[in-house]
Amino acid sequence: MEEQELKGARVLVGDANITTVELLEDILSEEGCCVEKVYNGEDALFKARMMLPDIILLDITMPLLDGLEVCQQLRVTSETRLIPVIIITVHRDRENRMKAIKVGADDFLTKPVDKLELVTRVKSLYKRKKYLDDMENVEVVLYSLSSMLDARCPYTANHSQNVSYYSTVLGQRMGLPKKELDAVRRGALLHDIGKIIVSDTALNKPGKLTDREWELMKMHPIKGADLMGNLKNLKDICPIILYHHEKLDGCGYYGLRGDQIPLLARIVAVCDTYDALINDRPYRRSYPVDDALDVLKKSNGHQHWDQEIVEKFTSIAHEVSKPDLLYWPNSSNREGS
Ligand SMILES: [Fe+2]
Ligand SMILES: [Fe+2]
């Protein structure tokens, strides 16, 4: 971006003071922004949800809802949580700044607003917003692709979304930091993306796979990690994809053992197996929740899954599951997760 870096940026300004709003509008319009104005917190929240602006400027002191409450509510919903918010205040004190950080504000401006400071801060946040938008576009395409892959087999529809949901809730209960929670959410959503190389016939087969089909099936973690490895922003999810079929005793796809398997991959492995068990597969019917948990605990006498993770998962399984109450014993040696 060179000249008019803010050309076309949609900015929402919320302030009860008409003079301030007009001043901000003049400065930002001169830079090429499209400015929407509101004069109380409720209108600010409504307008933000309707127009999904690129940047929001909020005065702390507004009628109905103050700027901090508006910011806090914007951070709750997925559509508005990444919109940059600048809090404007007459107070220079540390306490108000701390409150603004707590509710998720991105920056502050103190009244009277300095023109250069305002433009510089808005430009910097707009740049970041555009970058995040591009990232989101890439992710949306990948997630659509992953849903399409799940839908190739009627038994695995929603599988990736379920695994992502279980893994994220489990990660939260385990106290993972935000960066790792993001990685586990994305990694779980894309864990089977490498199945693009597996034929529909193999995916929907009720019986044992041929040697060639099995060979390709075992390649899906490598193919998936290769695909994601080309995308700089998704590099951290590659180990999750690559190792989601590893087992603690080394009898997984690639023979990794115990702690050699990254923690996030061990989390996804538990959630992946669980979702496969509680849903029908072409070669067996679904297990009830408690029976599926039993499989994860006993591993047919082997040590397949991390038992600390299984234990944590057991405490949330009923809360996150929609169990199918039909149960037919497993009639195949395939693990179609
Ligand atoms: Fe898989
Ligand atoms: Fe899977």
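These exercises walk through a predicted model, each with a worked solution.

Residues are numbered from 1 along each chain as its sequence is written, and chains are lettered from A and ligands numbered from 1 in the order in which they are written. Local features need pLDDT of at least 70, side-chain atom pairs count only at pLDDT 80 or more, and totals for chains, interfaces and linings use all residues, while side-chain values use heavy atoms, with hydrogens and water left out.

**Exercise 1. The domains**

Find the bounds of domain 1 and domain 2, then the separation of their centres.

Solution. 
- Step 1: Domain 1 covers 10-131 and domain 2 covers 153-320. These bounds come from an automatic or database domain assignment.
- Step 2: Taken over C-alpha atoms, the two centres are 42 Å apart.

**Exercise 2. The iron site**

Work out which residues hold the iron ion (ligand 1), and describe the site.

Solution. 
- Step 1: List the protein donors. They are Asp192 (OD), His220 (NE2), His244 (NE2) and His245 (NE2), at 2.1 to 2.3 Å from the ion. Donors are N, O and S atoms within 2.8 Å of the metal (3.2 Å for Na, K and Ca); water is not among the atoms, so sites may look incomplete.
- Step 2: Read the spacing along the chain. It is D-x27-H-x23-H-H.
- Step 3: Check the angles. They run from 85 to 179° among the 4 donor atoms, and the site is irregular. Four donors count as tetrahedral if all angles lie between 85 and 135 degrees; four count as square planar and six as octahedral if opposite donors are over 155 degrees apart and all others between 65 and 115; anything else is irregular.
- Step 4: The iron ion (ligand 2) is 3.8 Å from the iron ion (ligand 1), and Asp192 coordinates both.
- Step 5: His244 is buried at 2% relative accessible area, and His245 is buried at 8%. Buried means under 20%, exposed over 50%, partly exposed in between (1.4 Å probe, protein chains only).

**Exercise 3. Two salt bridges**

Compare the setting of the pair Lys37 and Glu25 with that of Glu95 and Lys99.

Solution. 
- Step 1: Side chains of opposite charge can pair when their charged atoms come close. A salt bridge is a side-chain nitrogen of Lys or Arg within 4 Å of a carboxyl oxygen of Asp or Glu. The structure holds 24 of them.
- Step 2: Take the Lys37 and Glu25 pair. Their N to O distance is 3.3 Å. Lys37 lies in strand β2 (residues 34-38) and Glu25 in helix α1 (residues 18-30), so the pair ties together parts 12 residues apart in sequence. Helices (H or I, at least four residues) and strands (E, at least two) are DSSP runs, numbered from the N terminus.
- Step 3: Lys37 is partly exposed at 32%, whereas Glu25 is buried at 19%.
- Step 4: Turn to Glu95 and Lys99. Their closest N and O atoms are 3.7 Å apart. Both residues lie in helix α4, 4 residues apart, about one turn of the helix. Glu95 is exposed at 53%, and Lys99 is partly exposed at 40%.

**Exercise 4. A buried threonine**

Solution. 
- Step 1: A polar atom of the Thr168 side chain lies 2.6 Å from the backbone oxygen of Ser164.

Technical notes:
A polar contact is a pair of N or O atoms within 3.5 Å; within protein, one must be able to donate a hydrogen and the other to accept it, and residues adjacent in sequence count only if both atoms are side-chain atoms.
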